[in-house]
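I opened the two chains side by side and kept short notes. The entries below follow the order in which I looked things up.

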Amino acid sequence: MLDVLIVDDSAAIRKILQRVLRQTEIPIGTVYEAGDGVEALATLRQQSIGLVLSDINMPNMDGLEFLTKMRAEQIWKGIPVLMVSTEGTQAKVLEAVERGASGYVRKPFTAEQINEKLVGLI
Amino acid sequence: MTTDTHAVEALSREELVHAIRAATGEVFTTMLNLSVTPGDVFVEKEEAVPSSGVVSLIGLAGSWVGSGSLACSEGCAARIASALLMTPYAAINEDVLDAVAEVTNMIIGNVKTALESRLGAMGLSTPTVIYGHNFQTRSSGNQEWTVVPFALEEDRMCVQMCIAPNADAGKKTTRTGFPVPHLLRT
């Protein structure tokens with residue numbers, strides 16, 4: 001079973017992504033939630049997370065800074081991170097990939113798009 | 001009606017309206033499984049919001065600065081939340097306000113993405129949602145709001161934006177927020 005961390009300042013999006021995750025063929029264990037990058041790093045320190053889905057625009061610490069800090073830690077380098085964001089320009093996608101994102105889905109998204117990306121990552 | 005010469009040269013109202021309609025249609029179709037029907041566009045000096053209901057505001061800053069918002073009635077907000085979260089909501093609560101904020105974020109975020117190739121990079125603030133009765137929001141200065149109404153079956157909502165070139169772009173670091181100050185009247 002794969003424990004997942006969803007990072008988004010919108011409770012609505014966290015709820016939607018959790019529902020989408022449960023619909024995939026991937027065996028999902030516990031789904032943890034964080035409202036920003038600071039909370040996400042704290043959760044990573046406390047739990048054994050196997051997959052991260054993260055927004056970019058968030059208060060306190062945005063998704064790109066979170067990604068950079070996460071990839072700086074050896075123990076978290078191998079965890080797949082799927083960015084799910086309204087930021088859709090090629091420059092922003094490239095920046096996320098350069099910082100260590102494993103995949104990118106633009107909001108609005110369909111369940112099929114998330115599933116397709118996750119199957120390629122897991 | 002005043003017109004910003006730079007804005008007309010770099011961004012026509014038709015382009016902005018097209019981007020708003022495309023983004024709103026895509027968000028409602030993809031995330032809410034609802035279709036919206038665009039109405040006749042109009043321009044206002046003050047933001048066109050209902051005297052009661054929900055208004056969700058987002059600031060843009062960068063090469064251009066401005067604000068975008070979604071305004072609708074309580075019933076329309078509950079309908080949006082019900083469709084997004086697949087849970088019935090009859091009245092305004094925290095879930096409903098969060099859902100309206102996220103829908104606004106997706107719409108204005110996609111408008112921003114559509115315009116960035118022409119206007120340069122911009123940042124988005126996190127949404128601020130206002131809910132109440134007998135209030136008006138106003139932007140200071142002479143900013144004109146391009147208001148795009150949509151029919152959502154029997155409900156009506158407005159997506160509106162005001163955006164102009166940033167005279168200070170490149171001079172200093174721009175902080176994402178609300179470059180166009182808002183007054184809230186009750």
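**Chain B, overview**

I started with chain B and found four helices and 10 strands. The model is predicted, so every entry here is a reading of a prediction. I then read the elements of chain B in sequence order and got α-α-β-β-β-β-α-α-β-β-β-β-β-β. Next I looked up burial. Of the 186 residues in chain B, 43% are buried. I also looked at sequence separation in chain B. Among contacts with a separation of 6 or more, 70% join residues 24 or more positions apart.

Which residues have a positive phi without being a glycine? I noted B:Asn33, with phi of about 55°. I also noted B:Met86, again with phi of about 55°.

I placed both on the chain. B:Asn33 sits in the loop that links helix H2 (13–31) to strand E1 (37–38) of chain B. B:Met86 belongs to the loop between helix H3 (74–85) and H4 of chain B.

Buried or exposed? I checked B:Asn33 and B:Met86 in turn. B:Asn33 has 10 C-beta neighbours inside 10 Å, so it counts as exposed. B:Met86 has 12 other C-beta atoms within 10 Å and is therefore exposed. The cut-off for exposed is 12 or fewer.

**Chain A, the sheet**

I moved to chain A and traced its sheet. It is an open sheet of five strands in the order E2-E1-E3-E4-E5, and the pairing is parallel. Why do E2 and E5 of chain A stand at the edges? Each has a single partner strand, so one side of each has no neighbour in the sheet. The twist from one strand to the next averages 20°.

I then looked at what packs on this sheet. Helix H5 (residues 111–121) of chain A does, touching strand E4 (81–85) and E5 of chain A. The direction of H5(A) makes about 180° with that of E5(A).

The loop between E5 and H5 of chain A holds A:Pro108. I checked the peptide bond between A:Lys107 and A:Pro108 and found it cis, with omega about 5°.

Strand E1 (residues 2–7) and strand E2 (residues 28–34) of chain A pair in the parallel sense, over five bridges. I looked up individual positions. A:Leu5 has A:Tyr32 in E2(A) as its bridge partner. A:Val4 stands opposite A:Val31, also in E2(A). I followed the connection as well. E1(A), helix H1 (residues 11–23) of chain A and E2(A) form a β-α-β unit, and it is right-handed.

**Where the chains meet**

How many residues of chain A are in contact with chain B? I got 16, against 18 residues of chain B. On the chain A side, six are nonpolar, six polar and four charged.

H1(A) turned up again here. The axes of H1(A) and helix H4 (residues 94–119) of chain B come within 7 Å and cross at roughly 85°. I listed the residues on each side. A:Ala11, A:Ala12 and A:Ile13 in H1(A) meet B:Asp98, B:Ala99 and B:Glu102 in H4(B). By class, this contact of H1(A) with H4(B) has four nonpolar residues, two charged and no polar ones.

Definitions and conventions:
Residues numbered from 1 in each chain as written. Chains lettered and ligands numbered in written order. Predicted model: local features only at pLDDT ≥ 70, side-chain atom pairs only at ≥ 80, totals over all residues. Pairing = 2+ DSSP bridges. Helix = DSSP H or I, 4+ residues; strand = E, 2+ residues; numbered from the N terminus. Right-handed = clockwise from strand over helix to strand, strands pointing away. Axes fitted to C-alpha atoms, helices over the stretch in contact; angles between N-to-C directions. Contact = placed C-beta atoms within 7 Å. Nonpolar A, V, L, I, M, F, W, Y, C, P; charged D, E, K, R; others polar. Buried ≥ 20, exposed ≤ 12 C-beta atoms within 10 Å, placed from the backbone.
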